[in-house]
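Thanks for coming, everyone. Please take a look at the structure on the screen, and I will walk you through it.

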Amino acid sequence: MTGTERAEEEFRALVKRVRAELVTQAEFASFERLLALVRSRDGGPPARRARRDELAAILTAPEQPLWAREIAAFVLGAEGDRRAFETLILLLNYREPVRCATAAFVLARLGDPRTARAAAALATNPLRTAYALHPVRLLTELRAPESVPALLATLERLLAARDHCWPVARACVEGLGALGDRRAEDALVAAREHERLRAAAHEALARLA
């Protein structure tokens with residue numbers, strides 16, 4: 001599957017999810033108008049710029065529903081428009097995992113140099129550990145200079161904590177293995193002592209070797 005095909009598949013899933021959230025006729029009407037704007041790709045560069053400007057305005061206009069901001073940010077981000085960055089970071093740290101996953105997908109393709117730094121801040125924030133899974137996975141995909149230090153700091157903190165938050169800890173272990181940095185060796189050896197992380201840690205250590 002090409003990158004374009006994957007993006008189209010993710011967008012279809014987003015549209016299906018949003019449609020299921022709508023309740024009133026006014027919401028459905030707004031939803032259809034937004035989809036019509038998203039699909040209006042005819043015309044030359046001025047028309048395409050106007051379309052992007054209209055989508056970007058949704059991100060900052062007052063009283064816009066979250067689903068409208070999410071759709072606009074997805075489309076702009078997938079097209080490389082960095083005006084989507086702040087909304088996508090907000091969604092990356094949202095309480096609904098499905099929105100976090102969608103935001104992470106777009107951020108990985110946006111190419112904004114601020115992304116890794118923001119994802120690292122979210123992953124290492126001890127007050128937001130429950131929402132750190134997708135920032136951790138995004139850091140792994142980005143392979144940025146911030147990736148290994150952030151994953152290491154998060155894993156070491158979780159190994160020492162009373163609440164290990166196993167899904168996030170496992171994502172750190174898997175990410176460190178995928179990144180293949182020898183700095184992770186001690187933390188992965190420590191992770192191997194925990195039954196729920198043992199298999200992933202063994203595999204990660206093997207990848208380092």
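A word on terms to begin. Helices (H or I, at least four residues) and strands (E, at least two) are DSSP runs, numbered from the N terminus. With that in hand, take Ala-121, which is found in helix α7, residues 115-124.

Two notes on where the values come from. This is a predicted model, where local features need pLDDT of at least 70, side-chain atom pairs count only at pLDDT 80 or more, and totals for chains, interfaces and linings use all residues. Residues are numbered from 1 along each chain as its sequence is written, and side-chain values use heavy atoms, with hydrogens and water left out.

Now the overall picture. How many helices and strands are there in the protein? There are 12 helices and zero strands. Along the sequence, the pattern reads α-α-α-α-α-α-α-α-α-α-α-α. The C-alpha atoms fill a box of roughly 55 × 35 × 30 Å, taken along the principal axes.

Next, burial. Buried means under 20% relative accessible area, exposed means over 50%, and partly exposed is in between, with a 1.4 Å probe and protein chains only. The protein has 209 residues, and 47% of them count as buried. Its accessible surface, from the Shrake-Rupley method with a 1.4 Å probe, comes to about 11100 Å². Carbon and sulfur atoms hold 52% of that surface.

Contacts come next. A contact means heavy atoms within 4.5 Å. Take the contacts with a separation of 6 or more: residues 24 or more positions apart account for 61% of them.

Back to Ala-121. This residue counts as partly exposed, at 47% relative accessibility.

Let us look at one helix, α5. Is α5 mostly covered or mostly open? Mostly covered: six of its eight residues are buried. They are Phe-85, Thr-87, Leu-88, Ile-89, Leu-91 and Leu-92. What covers them includes α3, α4, α6 (97-110), α7 and α8 (133-142).

On to charges. Lys and Arg count as positive and Asp and Glu as negative, while His and the chain ends are not counted. Each charge is placed at NZ of Lys, CZ of Arg, CG of Asp or CD of Glu. There are 32 positive and 28 negative charges, and their mean positions are 0 Å apart.

Some of these charges pair up. A salt bridge is a side-chain nitrogen of Lys or Arg within 4 Å of a carboxyl oxygen of Asp or Glu. A search of the whole structure finds 14.

Start with Arg-17 and Glu-70, whose side chains meet in a salt bridge at 2.7 Å, N to O. Arg-17 lies in helix α1 (residues 3-21) and Glu-70 in helix α4 (residues 66-78), so the pair ties together parts that are 53 residues apart in sequence. Arg-17 is buried, at 15% relative accessible area. Glu-70 is buried too, at 2%.

A second salt bridge joins Asp-53 and Arg-83, at 2.9 Å, N to O. This pair also links distant parts of the chain: Asp-53 sits in helix α3 (residues 45-60), and Arg-83 in the loop between α4 and α5 (85-92), 30 residues apart. Asp-53 counts as partly exposed at 43% relative accessibility, and Arg-83 counts as partly exposed at 41%. There is a network as well: salt bridges that share partners join Arg-17, Glu-21, Glu-70, Glu-96 and Arg-99.

What about disulfides? A disulfide is a pair of cysteine sulfur atoms within 2.5 Å. The structure holds zero. For Cys-165, the nearest cysteine sulfur is that of Cys-172, 9.2 Å away. Cys-100 is buried at 3% relative accessible area, and Cys-165 counts as buried at 18%.

Glu-63 has a phi of about 65°. Glu-63 lies in the loop between α3 and α4, and counts as exposed at 81% relative accessibility. Arg-143 has a phi of about 55°. Arg-143 lies in the loop between α8 and α9 (147-160), and is exposed at 52% relative accessible area.
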